[in-house]
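This report goes through one protein model, from the overall fold to single side-chain pairs. Please keep the sequence and the structure in view while reading.

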Amino acid sequence: MLNQESKIELTKEYFIQQSELYGKEFYADVDFSFAAKSAGPETLSEFNLKIQNCQDCPLSKSRTQVVFGSGNPRAKLMCVGEAPGYEEDKQGKPFVGAAGQLLDKILAAIGFNREEVYIANIVKCRPPGNRDPEPKEVAECLPFLKKQIAMIQPKCILALGRVAAQNLLATRQSLSSLRRTVQQFENIQVVVTYHPAALLRNPQWKRQTWEDVQTLRKLYDKIVGDKPPILSKASET
Ligand code: SF4
């Protein structure tokens, strides 16, 4: 794979050649995803457009579309999952299947709705058969998520599942160990809990998930404090 400098040099050569051929205005059918990993400020929509044709890892071959992320671009709470699944790959949005409906319920239980948070994944293309993303796929895609986080500047992050937590926090610690304390990602408080898809398969983990999201809500109230109190305990997911 080309390094960053070689890609920039190739792009420069391409533009010089095109301007010689067509003057100042020409159509460029180019994958700009490499620039999107390091480029300066832009809107999330522009960023999304830039990586829609990303070919930076093998997941580009099997996906239907890049699932960029969705929600409030000024969200104070971000949810980070693992990867798009079958439904997400079809619809182009994160957490839209059964796991997504459960995530909506979990968020509602602590007073949030989907529209006020921002939801994204560690990798933006569906791994075949919903396998875990490979390290090299994560290495290519994680800079996109990190840039999204830098643009949104959430105050708290809810990391959903082992793959999301370990990759976001750059650690091999177990999920149970990461759940025990509030974590940090670049000065942002991170609460780790089970992935809703795992929760669907293991409903006995509901109580622990309820405890994790209560921790999250208390943390949010301490840092942000802009939500009305939860008057009664909602259903435990
Ligand atoms: S998973 Fe990420 S790096 Fe890989 S092709 Fe999709 S957008 Fe690009």
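## Terms and overall make-up

A residue counts as buried under 20% relative accessible area, as exposed over 50%, and as partly exposed in between. The model described here is predicted.

The protein has 237 residues, and 47% of them count as buried. Its secondary structure consists of 11 helices and 6 strands. The accessible surface is about 12,500 Å², with 52% of that belonging to carbon and sulfur atoms. Taking contacts between residues at least 6 apart in sequence, 68% join residues at least 24 apart.

## The sheet

The 6 strands make up an open sheet in the order β1-β3-β2-β4-β6-β5, and the pairing is mixed. At the edges are β1 (70–71) and β5 (183–185), each of which pairs on one side only.

Strand β4 (residues 156–160) pairs with two strands. With β2 (residues 77–81) the pairing is parallel and has 4 bridges; here Leu77 has Cys156 of β4 as its bridge partner. With β6 (residues 188–193) the pairing is also parallel, over 5 bridges. On that side, Cys156 stands opposite Gln189 and Ala159 stands opposite Val192.

## Cover on strand β4

Is strand β4 mostly covered or mostly open? It is mostly covered, since 5 of its 5 residues are buried under the 20% cut-off. In a regular strand, side chains alternate between the two faces of the sheet. In β4, Cys156, Leu158 and Leu160 are on one side, Ile157 and Ala159 are on the other, and all of these are buried. Both faces of the strand are therefore covered.

## Salt bridges

The count for the model is 10 salt bridges. One of them joins the side chains of Arg114 and Asp104, with N and O 2.9 Å apart. Arg114 lies in the loop between α6 (98–109) and β3 (118–121), while Asp104 is in helix α6, so the pair ties together parts that are 10 residues apart in sequence. Arg114 counts as buried because its relative accessibility is 19%, whereas Asp104, at 30%, counts as partly exposed.

Arg131 forms a salt bridge with Glu137, and their closest N and O atoms are 2.8 Å apart. Arg131 has a relative accessible area of 28% and is therefore partly exposed. Glu137 has a relative accessible area of 2%, so this residue is buried. There is also a network of salt bridges that links Glu42, Lys50 and Lys147.

## Around Arg179

Which residue meets the side chain of Arg179 in a salt bridge? The partner is Asp212, at 2.7 Å from N to O. Asp212 lies in helix α11 and Arg179 in helix α9 (residues 175–180), so this pair ties together parts that are 33 residues apart in sequence. Both Asp212 and Arg179 are buried.

Helix α11 (residues 206–223) also holds Gln208. Leaving aside residues up to four places away in sequence, Gln208 touches Arg179 and Tyr194. Gln208 and Arg179 are 29 residues apart in sequence, and their C-alpha atoms are 9.2 Å apart in space. Gln208 has a relative accessible area of 26% and is therefore partly exposed.

Key
Residues numbered from 1 in each chain as written. Predicted model: local features only at pLDDT ≥ 70, side-chain atom pairs only at ≥ 80, totals over all residues. Heavy atoms only, no water. Buried < 20%, exposed > 50% of the residue type's maximum accessible area, 1.4 Å probe, protein only. Pairing = 2+ DSSP bridges. Contact = heavy atoms within 4.5 Å. Areas by Shrake-Rupley, 256 points an atom, 1.4 Å probe, with all protein chains shown as cover. Salt bridge = Lys/Arg side-chain N within 4 Å of Asp/Glu carboxyl O.
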